Amino acid sequence: MRIETSRFGSVEVDEARTIRFTKGLLGFPGYTDYVLLEAGDESYFWWLQSTQSPELAFVVTDPSLFVPTYRVPVREPQLDDLGAGSPDEVQVFVIVNKRDGMLTGNLQGPLVVSVHQRLGEQLVLSDRRFTTRVPLMELAGKVRAASA
């Protein structure tokens, strides 16, 4: 299927790669279908692009690449909702933001996606160790200037 994006123009994507967030994402309940677009060949980041709105996309990453101790307690009912048989069948992402020359991750609201069913859910963790702005990495001056 072909989708329109505000960042990459018209993009052909495999419809089977669509991820459905049946409840939407926090603040965007009406947008349920997304695809992951690679930000670069060797990047640790992806664009979670809405298939319903060209302007709606989020930079996401695998939080374990930056915070090795980070774990998301996915409960049995959540696994059932995602059609996953075990925690090994889900992939966790976090939304990334750029703030004051730093990339931060929303570790309080991770996105949990079943690998096989392509269903996702944004959780809200009560663990106070993780906030919505956990520093992931500092941007180099050159990158900051290019993206500002």
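Reply: The largest pocket has a volume of about 250 Å³, a volume being the space filled by probe spheres set on grid points that are joined across faces, edges and corners. The model is a predicted one, in which local features need pLDDT of at least 70 and side-chain atom pairs count only at pLDDT 80 or more, while totals for chains, interfaces and linings use all residues. Residues are numbered from 1 along each chain as its sequence is written, and side-chain values use heavy atoms, with hydrogens and water left out.

A pocket is an open set of points on a 1 Å grid over the protein atoms alone, where a 1.4 Å probe fits, with protein on both sides within 12 Å along at least five of seven lines; lining residues have an atom within 4 Å of a point. Here the lining consists of Arg7, Ala39, Phe45, Trp47, Ala57, Phe58, Val59, Ile95, Val96, Asn97, Lys98 and Leu103. At least two of the lining residues come from each of β5 (45-50), β6 (57-61) and β7 (90-99), strands being DSSP runs of E, at least two residues long, numbered from the N terminus. With 4 residues, β7 gives the most.

By class, the lining of the largest pocket comprises 9 nonpolar, 1 polar and 2 charged residues. In this scheme Ala, Val, Leu, Ile, Met, Phe, Trp, Tyr, Cys and Pro count as nonpolar, Asp, Glu, Lys and Arg as charged, and the others, Gly among them, as polar.

For context, the second largest pocket holds about 200 Å³ of space. Among the residues that line this second largest pocket are Asp62, Tyr70, Arg71 and Gln91, and its lining has 7 nonpolar, 2 polar and 2 charged residues.
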